[in-house]
There are 2 protein chains.
Amino acid sequence: MLVVALDPPFGPSGEYSVYDIVEETCEVAYGYKVGLPLVLEQGLKVVSEIKSTCKGRVIVDFKLADIGDILVNVAEKISRYRADAVIAHGFIGLRDSIDKLVEAASRYKLDVILVASMSHRGSEEFIDKHFEELVNLSLDLGVHGVVVPANKPGLIRRARQIAGNNLRIYSPGIGVQGAEVGSALCAGADYEIIGRYITRSPKPGEKAREVFEKQVESVRKCQS
Amino acid sequence: MLVVALDPPFGPSGEYSVYDIVEETCEVAYGYKVGLPLVLEQGLKVVSEIKSTCKGRVIVDFKLADIGDILVNVAEKISRYRADAVIAHGFIGLRDSIDKLVEAASRYKLDVILVASMSHRGSEEFIDKHFEELVNLSLDLGVHGVVVPANKPGLIRRARQIAGNNLRIYSPGIGVQGAEVGSALCAGADYEIIGRYITRSPKPGEKAREVFEKQVESVRKCQS
């Protein structure tokens, strides 16, 4: 239930490599989220190298929001580097965009995760106005999951109500961005995406284990 | 008024390099648009190498749609490779996202261009419902320009009405995507973004000159 977001730099002052972080956290991480900053620095080969370092899943998070042809091209490229899942914006719309991505992703055995809300304040200006439509779009398409941030537990609960167990819910915005570890899981998320709180720590492995234990404890408490 | 979109492959069956295309079209291209497919293949160094091949402007088009921290990180990286402008989605919202990007971009001397509408059918599902808000957001922020597709000449005219000469209008969707060369310019766009029609041609240089001449002729006709 812990997904570690791998955005550079790593360690309090960049003293670790991404592979140090992956090795140290592998035992407790369900998977890793890799975004543009890391891929622009290291190229897509970082995805397959993470896969070789730890058996966890790798989610490529470019927050894709383009026309179908570009999405298909990117899906093909990341699948060549053994990515397991890709994050795109539901906001871009189904026709000639997300539909094409979903079709290609199924061919490449990539899970698709659509953004339904985000953690920053600007998300309320446009995206959140369409939150239920975006969750329903994801559900209708039968994609793997949605992104709903931890600082909006009401939206996590709503997504769970709408989708039942038919969508995995990924929740960023924990730690440095403000929400408590375990709080999104208690609201109904399947995975908490945690980055800097772990990756910039002087002891990322210890921090990740601490987070994992806190998640387990929170879930035990909130379910009782 | 011609921006060439550099999405691989180049030539009818990939026989050209991106630099072949840039050299052949440099004379008539105002600038080049570089997206994720090319950068994932070649790394960001392709941006500075294009700049060394031709004096035209390079617009990095990742259609950014993320939280401020990630946008700032990406802006910093692309500016290091001498990019002139960056395209982001207006729908991501101002607060803690576009505001941060605009601030960083000004520091890095990068122009910001915001997507206000797109050419694919899915754009009508969410984005186009906020078209005027997105143009007004861009105008209020004083960014360099907006993207409005050529297959929606009514929206180009509307953007020009709203923004006067305070926003540059970039228009994709010409050629392979359906709109006629020159049609977006006649509707009020400043630049037509043309990709495959030129880059997959057996003679990209000739095709680009033909496009440029057709643009000049269209503008002359529609202004008379």
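Biologist: Across which strands does helix α3 (residues 45-53) of chain B lie?

Modeller: Helix α3(B) lies across β2 (31-35) and β3 of chain B, and runs at about 155 degrees to β3(B). Axes are lines fitted to C-alpha atoms, for helices over the stretch in contact, and angles run from 0 to 180 degrees between N-to-C directions. Helices (H or I, at least four residues) and strands (E, at least two) are DSSP runs, numbered from the N terminus.

Biologist: What am I looking at?

Modeller: This is a predicted model: local features need pLDDT of at least 70, side-chain atom pairs count only at pLDDT 80 or more, and totals for chains, interfaces and linings use all residues. Residues are numbered from 1 along each chain as its sequence is written, chains are lettered from A and ligands numbered from 1 in the order in which they are written, and side-chain values use heavy atoms, without hydrogens and water.

Biologist: Which residues of α3(B) are buried?

Modeller: Buried means under 20% relative accessible area; exposed is over 50%, and partly exposed lies in between (1.4 Å probe, protein chains only). In α3(B), B:Val46, B:Val47, B:Ser48, B:Ile50 and B:Lys51 are buried. Their cover includes α1 (18-25), β2, α2 (36-42) and β3 of chain B. Here contact means heavy atoms within 4.5 Å.

Biologist: How do strands pair?

Modeller: Strands of a sheet pair through backbone hydrogen bonds, either parallel or antiparallel. Two strands count as paired if DSSP finds at least two bridges between them. In chain B, eight strands close into a barrel in the order β1-β2-β3-β4-β5-β6-β7-β8, with parallel pairing. From one strand to the next, the twist averages 25 degrees. Take one pair: β3(B) and strand β4 (residues 85-89) of chain B run parallel and share three bridges. B:Ile59 has B:Ala85 as its bridge partner in β4(B).

Biologist: And in chain A, which strands pair with β8(A)?

Modeller: Strand β1 (residues 2-5) of chain A runs parallel to β8(A), joined by three bridges. A:Leu2 has A:Glu192 as its bridge partner there. Strand β7 (residues 168-171) of chain A pairs with β8(A) in the parallel sense too, over two bridges. A:Tyr170 is partnered with A:Tyr191. Strand β8 (residues 191-194) of chain A is covered on both faces: A:Tyr191 and A:Ile193 are buried on one side, A:Glu192 and A:Ile194 on the other.

Biologist: Is B:Lys63 buried or exposed?

Modeller: B:Lys63 is in strand β3 (residues 57-64) of chain B. It counts as buried because its relative accessibility is 9%. A polar contact is a pair of N or O atoms within 3.5 Å; within protein, one must be able to donate a hydrogen and the other to accept it, and residues adjacent in sequence count only if both atoms are side-chain atoms. The side chain of B:Lys63 makes one of 3.1 Å with that of A:Asp66, and one of 2.8 Å with that of B:Asp61.
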